Amino acid sequence: MTHNTVDKIEYVSFLEHKGKYKGLFSWIFATDHKRIALLYLYAIATFFFVGAILGLLMRLELIAPGETIMKPQTYNGIFTVHGIIMIFMVVIPGLSAVFGNFFLPILIGAKDVAFPKLNLFSWWVFIFGSVLAVASQFMKDGPPDTGWTFYAPYSTATGTNVIMATTAAFVLGFSSILTGLNFLVTIHQMRAPGMKFFNMPLFPWAIYATAWIQLLATPIIGITLLMLIAERLFGIGFFDPNLGGDPILFQHLFWIYSHPAVYVMILPAMGVITEIIPTFCQRRVYGYKAIALSSVAIAGVGFLVWGHHMYTSGMSNQARWFFSLLTFVVAVPSAIKVFNWLSTMYKGSIDLKPPFLYAVSFIFLFIIGGTTGLLLGSVATNVQVHDTAFIVAHFHYIIFGGMGFAFFAAIHYWLPKMYGKMYNFKRANIAWAIIFVGFNLLYFPQFILGFQGMPRRYFDYLPQFQTGEVISSIGGFILVSGLILMVYNLVMGVRKGEPSPANPWNGSTLEWQIPSPPSIENFDEAPVIKKNPYDYN
Amino acid sequence: MANNSSHITDYKVLTRVLLVLMFLTFLTISVTSYNLAAFTVTIALLIAGVKSFLVLSYFMHLKYESLLLRILVSIVFVLFALIVLITFIDYSYR
Amino acid sequence: MSDTNIHTEEHRNDDASKLGMWLFIFTELLLFGGLFLVYSIYRAQYPHNFHEGSLELSVTIGAINTIVLLFSSMTIAMALTAMQRNNKKLAMTMIVVTLVMAVVFLINKYFEWGAKFHHGLYPGSDLMALLERGHLLYFSLYFFMTALHAFHIIVGMVLLIVVLLRVKSNRIHAHKYVLLENGALYWHLVDLIWIFLFPLLYLIS
C-alpha cells in the first residue's frame, strides 16, 4: 500500500494518479472529490448546452408573431423541458456540486469529503435522474407540458409524460440531498486542525448555508412529487378538486421547496464572488462576519417567504402582506453582501482579469435582478406583472446573470488550479464582452415587454410586441456565440495552454498553497491555517 | 476521538422509558374517547410530543449527545412548526 | 495492519457517520412533515369528515401496532446497549426480536388494509369516488401515510438484517458498532413518526 507511506510522497497530480481502475472507469468510479467535481462539470456543461439550444429554439419561434418554426404543443414541451433541465440539472447542482466538491475540502484543509463513496453515489443518482428527465422528452406520450412547476390540477390531468418528469425531479432531489448531507458533515467534522468556523473562507460558509437548504427543503418537494405521482397512478386525492383536493396547496408545497431552492442557486454564487473580489483587489474582505452570517440569515429567512410566488393564486390577503413583508426582510442580507463587496473594492489595487470581469458583471446583473425582485415582492406591482415576460426577465437576471455569471467567474478563477493550465486572457475578455452584451440584449427587453403586457409561456403574440421580441432573439444568438467562444477558449486552455503556477492570482486562501493541479491527497504537508483567510498584508 | 465518549444506557432505564411510553399511549386513547372539542387535538398532540421527546432523549440518546446536535434537532422541529403556522395564515383567513 | 493505528489506517470517523445519519433523519422528518402539513390543512377544512373517517378505523389494531413499535424501539436500543457491553448473543437476540415485531406490525397492517379493500374502500374505487370531499381526503391521506410508513418499516428491516449479519460475522463488535447505532437511530425514526400518525389517524374525533 504505497499511499500509506506518509513521509515522502512524490507529487502526482490527481489527473494522472493511478488508482484501482484505468481509463474511463478511473473517472466514473472515482471517489476522489476532485474527479467527481470534474464529472459533474462535464455532465452539467452538456446539459447546459442542451438547455441553451432549447432556449434558442424558443427565441426562434418568438422572432415573429404566429407559428414560425413549431406547433404550440411543441413549444409547451420545449419551455417545460428547458426549465426542468436548467433548474434541476444545471443551476441547482451547478456551483455546489462542481466547485463545492472540488474546493470545499481544499479550502477547509481536508483530504476529501466526509463520505467519498456517497459522493460518487450522488453523481450516479444525478446521472440517472438526468437520463430520466431527458428521456421524458422522447417517450410516446410526448414531452411534459406543465412548465417546470408541475402545477396541479393541470399536471394531474394532462396526458403527457408528467410521471416520468416528476420522477426525474424526485431522483435529482435525492442526489441534491445526499450532496448537501455530505458537505455538512465535511464542514463539521473534517476541518483542518486549528480551523474554527470563523477561520473558514467564505465560499465554504456559503456552501454550508446552501447544504442546509438542500437537506431541509428538498424532502418537501420529494413528498409533493410523490403525492402527485400517487394521484396520477392510483387516483389518491390530494390536489385535484375532482378528488377533493386543493390545487393551491400544491403551490404552497411546491414553493416551500422551490423558493429556498433559489438560494441553493444563488448562495454559492455569492460565495464564489466573495472569493474572487478580495483576490483581484489584493485586499482583505470587508466585513467577514457579516458576509458569513448573512449567508445563514438568507438560508433561514429564505424558508419562510415562499408565498410571494402565489399572490395571484387566491391566497388570503393576510398571507399576502405577510409574505410581502418577509420578502423585503430577506433582501437585507443580500444587500449587506453587495455593500461588503463594493467596500472590499474600495481603495484596493484592482486587477481587471477575466474572473474579476465576470464577478463585477455578476454584481451589476444581480442588482438589477434583485431590485426587480423587490418590485415583484410588493403585492400591488406583482399583480400587475404576474406571469408576464417581466417575471422571465427577472429570474433570468438572478439565475443566469447571478448564478450563471458566477459559474463563469468561478471557472475562470479556478481552472488554472483544476487543470494546471492557463487560458488566453484576450480571448476570455472578448468572450466576456460578447456574453455580457448578448445577455442584456436578450433579457432586458423582456422587462419592457412584460410591463406592456406580454404574457410568459406564450407561443404567439400581438404585432405590437415584435420589436422587443426581435431584439431579444438577436441577443440570444449573440449570447450563445459568446458562450461558444468562451468554452472554446477554456478547452484550448486546458489542452494547449501554458502551465499555470501554483498561485497565478496571488490568492491567499488554502487552494493556492498547493500545486496546480492538486495531488490526490490535496495536502502533502499540513496546511498553514491563517486566522483571517483573506490576509494580504 | 470516536466512540469513547458514547454513553451506555442501562437496560433498566430503557424498560422504564417503555413503561412510561405505554402509559402515555393508554392515556391518549382514554382522553380522546371523551369529547373535549378542540382540546382533544391539543391534548393528543401534547402527549405525542412528550412521547417523541422521550424517544429522542433516551432511545436515540439525544440527552447524551453534543449540544450542537440537540440544537440542530430543535431547529428542525421549530422550522417545521413555522412552516405549518405560516401556511395557516393563508388558510385561516380565506 | 496492527490494531494500534486502526484509526488512521481505516479513515474511520464514527462521529461523522452518526452526524450523517442524524442529518438523514432530518430529511425523513421533513418528508413526513410535508404530509403532516397537508393533513393539518385538510383537517382544519373538513373536521367533520375527518372525525367520521377516524371512526371507521379500529383503535384496537392501531393501539396494538403502537405498542408493538414502541416495544421494538426499546429492544433495538437494548441491542445497542448489549453490543456496547460486548454481549454479542444478547445483541443478536434483541435485533431478531425487533425484526419479529416489525413483521407483526406489517401483518397487522395487512389485515387492516385488507378489510378496507374488502369493503371496496381503496384509492380509485367506486366507493371512494362517492365519498364527500373531506372524507375522501381523509382516506387518501390514510392510505398514503400508512403506505409510506410501511415502506420505511421495510427499509428499516433490510437495514437491520444487514446489521444482524455483520454482528454475526463480527464485523460489528464492541469497539466498532456505529452501523448498529445508525440502524437503531433509523428504527427509532420509524417509531417516532408512528407516535404522531397513531393519534392523528385513529384517535382524533
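The model is predicted, and every value below was computed from it. Chain A contains 15 helices and two strands, while chain B is divided into domain 1, spanning 10-60, and domain 2, spanning 61-94.

**Overall build of chain A**

- Taken along the principal axes, the box filled by the C-alpha atoms of chain A comes to roughly 70 × 50 × 45 Å.
- Of the 537 residues in chain A, 56% are buried.
- When contacts in chain A between residues at least 6 apart in sequence are considered, 84% of them join residues that are at least 24 apart.

**Where chain A and chain B meet**

- Twelve residues of chain A are in contact with ten residues of chain B.
- On the side of chain B that touches chain A, the residues divide into seven nonpolar, one polar and two charged.

**The two domains of chain B**

- The centres of domain 1 of chain B and domain 2 of chain B, taken over C-alpha atoms, are separated by 19 Å.
- Contact between these domains involves four residues of domain 1 of chain B and four residues of domain 2 of chain B.
- The side of domain 1 of chain B that touches domain 2 of chain B has three nonpolar residues, one polar residue and no charged residues.

Terms used:
Residues are numbered from 1 along each chain as its sequence is written. Chains are lettered from A and ligands numbered from 1 in the order in which they are written. This is a predicted model: local features need pLDDT of at least 70, side-chain atom pairs count only at pLDDT 80 or more; totals for chains, interfaces and linings use all residues. Helices (H or I, at least four residues) and strands (E, at least two) are DSSP runs, numbered from the N terminus. A residue is buried if 20 or more other C-beta atoms lie within 10 Å of its own, exposed if 12 or fewer, and partly exposed in between; C-beta atoms are placed from the backbone. Two residues are in contact if their C-beta atoms, placed from the backbone, lie within 7 Å. Ala, Val, Leu, Ile, Met, Phe, Trp, Tyr, Cys and Pro count as nonpolar, Asp, Glu, Lys and Arg as charged, and the others, Gly among them, as polar. Domain bounds come from an automatic or database domain assignment.
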